[in-house]
Amino acid sequence: MQLPKSRRRQKLREKKCQYPGCGKIFYGIHISKYCTEHRQDRYRIRKRSKPENVNIKNQTITHPYTEVTTTVMHCKLVGCDHQFEVKLYPRQFIYPKYCPEHRNEFKRIRHLQLIGREDLIEQMKSESENAEIEHGEMEEGAADDGMTDVA
Ligand SMILES: [Zn+2]
Ligand SMILES: [Zn+2]
C-alpha cells in the first residue's frame with residue numbers, strides 16, 4: 001500500500017535580500033527576494049520608476065521675475081493655437097503646457113483625432129500613462145501594477 005503523498009513543502013533556502021543596500025541573508029522560498037523587513041508594503045519598489053512627469057502636462061519656464069508676473073503662453077498641443085495666461089511666480093518654474101481646454105487628456109486625444117494626427121495619440125498616451133497618478137495620488141501599494149513581486 002502506498003503512503004499518501006504529503007503535500008510538497010517549499011524548501012526554504014538561504015537568500016540574499018535584493019532590496020537596494022540591504023543584502024541581508026534570510027531564509028525564504030525560491031521566489032523570495034526580500035528579507036522580512038523589506039517584504040513589507042512600504043518598501044515595495046516600483047519597477048516603473050516615477051517618471052519625470054513634470055514635462056508631460058507641464059513645462060519648465062525659467063524666468064527671472066521676482067514678482068508675480070502674468071504672461072501669455074501658447075498651447076503646446078500640435079495644431080492648437082490657443083493662448084492662455086499664466087501667472088509666473090518667483091522661484092517657481094513649473095507651469096501648465098496646454099491651454100485650459102487641453103489640460104484634459106481626453107480632449108487632447110479628441111483634438112488630435114480631429115486634425116488627423118492619430119499618430120501622436122499613442123505617443124501621448126504612453127507618455128501620460130504614469131501621469132494618471134496625479135488624479136489622486138494613490139496610497140503606496142494600492143496599485144499592484146508595476147510593482148515588483150515580493151512574494
Ligand atoms: Zn532587506
Ligand atoms: Zn490647446
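Let's start at Q83. Leaving aside neighbours within four places in sequence, Q83 is in contact with V72, M73 and H74. Contact here has a cut-off: two residues touch if their C-beta atoms, placed from the backbone, lie within 7 Å.

Before going on, a word on the model. This is a predicted model, where local features need pLDDT of at least 70, side-chain atom pairs count only at pLDDT 80 or more, and totals for chains, interfaces and linings use all residues. Residues are numbered from 1 along each chain as its sequence is written, while chains are lettered from A and ligands numbered from 1 in the order in which they are written.

So what is pLDDT? It is the predictor's confidence in each residue, from 0 to 100. The mean for this chain is 80. Of its residues, 71% reach 70 or more.

One stretch needs care. Over residues 132-148, pLDDT stays under 50. The model has 15 contacts beyond four places in sequence for that stretch. Where pLDDT is low, predicted coordinates should not be read in detail.

Now the overall layout. The chain has 3 helices and 6 strands. These are DSSP runs, numbered from the N terminus: helices are H or I with at least four residues, strands are E with at least two. From the N terminus on, the order is β-β-α-β-β-β-β-α-α.

How much of the chain is buried? Of the 151 residues, 9%. Buried means 20 or more other C-beta atoms within 10 Å of the residue's own; exposed means 12 or fewer; partly exposed is in between; and the C-beta atoms are placed from the backbone. Next, contacts between residues at least 6 apart in sequence. Of those, 46% join residues at least 24 apart.

Back to Q83. Its place is in strand β5. Q83 has 11 C-beta neighbours inside 10 Å, so it counts as exposed. The C-alpha atoms of Q83 and P100 are 9.2 Å apart, and the two are 17 residues apart in sequence.

What about β5 as a whole? Of its 6 residues, the number buried is 0, so β5 lies largely in the open. β5 runs antiparallel to β4, and 6 bridges join them. For strands to pair, DSSP must find at least two bridges between them. T69 stands opposite L88 in β5.

Next, the loop between β4 (69-74) and β5 (83-88). H82 is found there. It is partly exposed, with 13 other C-beta atoms within 10 Å. Not counting residues up to four places away in sequence, H82 touches C75, C99 and E101. From H82 to P100 is 18 residues in sequence and 9.2 Å in space, C-alpha to C-alpha.

L77 also has its place in the loop between β4 and β5. Is L77 buried or exposed? It is buried, because 22 other C-beta atoms lie within 10 Å. Not counting residues up to four places away, L77 touches Y98, H102, R108 and H111. Take R108: it is 31 residues from L77 along the chain, yet their C-alpha atoms are separated by 7.4 Å.

That brings us to helix α2, residues 105-114. Which of its residues are buried? R108, H111 and L112. Seen down the axis of α2, they fall within an arc of 95°, so they line one face of the helix. The arc is that of the directions from the helix axis to the C-beta atoms. Just after α2, G116 takes a positive phi of about 75°.

There is another positive phi, at R91. R91 is a residue other than glycine, and its phi is near 60°. You will find R91 in the loop between β5 and β6 (94-96). R91 counts as exposed, with 7 C-beta neighbours inside 10 Å.

Last stop, helix α1, residues 54-57. K57 has its place there. K57 is buried, with 20 other C-beta atoms within 10 Å. The C-alpha atoms of K57 and R103 are separated by 7.0 Å, and the two residues are 46 apart along the chain.
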